Amino acid sequence: MTNLRFDYTGRTVIVTGAGQGIGKEIGALFFGAGADVFLVDLDKEALDQAVSEIAARSVVADVSDTDAVQQIVDAAVSETGRLDVVVNNAGILRDNMLWKLTDDDFERVLAVHAGGTFRMTRAAVPQFRAQNYGRVINVTSYTGLHGNIGQSNYAAAKAGIIGFTKTAAKELAGFGVTVNAISPNADTRMIAGIPEAKKAEIARQIPAGRFAPPSEMAAAVAFLASEEAAYITGTVLPVDGGISM
């Protein structure tokens, strides 16, 4: 049960990495709140499954591809007449100790996480400026601030997203656009491969004592995209049960 009710009727929302996990839950929340939602993912099978459950529009695309990103934004504006919210959630993992990482392992992770965030935001800016309104919510990570063994590429990408979020917030504030990020701690495929004993050990380190379902991350995103959050920009909201304290 929730005591929050969001109304996004008449708003257009793009969510990347929306085939499963946090992105899928974000898309479902916005769709249920009345928005025109475009779910973006490179995994067609996962995206088809998501759309069968949510019935939103879907786009199979690689967010590291500039032309593909521009086509997504153009389609959203063409079909609905506007673009209000961009949620940059797309990401991949290519974990390894840094001396074992290939150039491609490093560069591909940055291209999807940080590069996708940059490209989608940049493509949305002209429409945001024309409307004098927009919301950007980026998904970063605890790892971006604290690092994690075997994830130097992921940590670098997520740290970059934090810097990008703060800079974009300063540049776009004068156009009625807010740019924020969440730092989630959710039970998703990103941690699915962790052995149960190790996962339980990590959970014990979380003050809240648990990993949250992705739906709790979606609620935070919906708030940052809301009218009530119009005076919040350039912030990174930890939605992590207190682990970052």
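The legends below describe several close-up views of a predicted model.

In this predicted model, local features need pLDDT of at least 70 and side-chain atom pairs count only at pLDDT 80 or more, whereas totals for chains, interfaces and linings use all residues. Residues are numbered from 1 along each chain as its sequence is written, and side-chain values use heavy atoms, with hydrogens and water left out.

**View 1. The crossing of helices H3 and H4.** Helix H3 spans residues 66–80 and helix H4 spans residues 103–131; helices (H or I, at least four residues) and strands (E, at least two) are DSSP runs, numbered from the N terminus. The two axes come within 9 Å and cross at roughly 35 degrees. Such axes are lines fitted to C-alpha atoms, for helices over the stretch in contact, and angles run from 0 to 180 degrees between N-to-C directions. The crossing of H3 and H4 is right-handed; a crossing is right-handed if the near helix is turned clockwise from the far one by less than a right angle, and left-handed if anticlockwise. From H3, the contact (heavy atoms within 4.5 Å) is made by Thr 66, Val 69, Gln 70, Ile 72, Val 73 and Val 77. From H4, Arg 119, Met 120, Arg 122, Ala 123, Ala 124 and Gln 127 take part. These residues divide into 7 nonpolar, 3 polar and 2 charged, where Ala, Val, Leu, Ile, Met, Phe, Trp, Tyr, Cys and Pro count as nonpolar, Asp, Glu, Lys and Arg as charged, and the others, Gly among them, as polar.

View 2. Helix H9 (residues 214–224) has as its buried residues Pro 214, Met 217, Ala 218, Ala 220, Val 221, Ala 222 and Leu 224. Buried means under 20% relative accessible area, exposed over 50%, and partly exposed in between (1.4 Å probe, protein chains only). The buried residues of H9 pack against helix H1 (21–32) and against strands S4 (85–88), S5 (134–139), S6 (177–184) and S7 (236–239). The largest nonpolar core has 29 residues, and those with the most contacts inside it are Ile 26, Phe 30, Leu 39 and Ile 182. A nonpolar core is a set of buried Ala, Val, Leu, Ile, Met, Phe, Trp, Tyr and Cys residues joined through side-chain atoms within 4.5 Å. Elements that give two or more residues to this core include strand S1 (12–16), strand S2 (36–41) and helix H2 (44–54). H9 gives the most, with 5 residues. In soluble globular proteins, nonpolar side chains tend to be buried together.

**View 3. The surroundings of Ile 182.** Leaving aside neighbours within four places in sequence, Ile 182 is in contact with Met 217, Ala 220, Val 221 and Leu 224, among others. Its other partners include Ile 137, Val 139, Leu 237 and Val 239.

**View 4. Aromatic rings.** The model has 3 aromatic pairs; rings of Phe, Tyr and Trp (its six-membered ring) pair if their centres lie within 6.5 Å, with planes under 30 degrees apart counted as stacked, over 60 as edge-to-face and the rest as tilted. The ring centres of Phe 118 and Phe 164 are 6.4 Å apart and their planes stand at 85 degrees, so this pair is edge-to-face. Because Phe 118 lies in helix H4 and Phe 164 in helix H6 (residues 152–172), the pair ties together parts that are 46 residues apart in sequence. Phe 118 is partly exposed, with a relative accessible area of 33%, and Phe 164 is also partly exposed, at 22%. Elsewhere, Phe 6, Tyr 8 and Phe 30 form one aromatic cluster.

**View 5. Loop residues with positive phi.** Ala 55 lies in the loop between H2 and S3, and its phi is near 70 degrees, a positive value in a residue other than glycine. Ala 55 is exposed, with a relative accessible area of 54%. Asn 132, in the loop between H4 and S5, has a phi near 55 degrees, again positive in a residue other than glycine. Asn 132 counts as partly exposed at 48% relative accessibility.

**View 6. Ser 58 in strand S3.** Ser 58 lies in strand S3 (residues 57–60) and is partly exposed, with a relative accessible area of 37%. Leaving aside neighbours within four places in sequence, Ser 58 is in contact with Leu 39, Leu 47 and Val 51.
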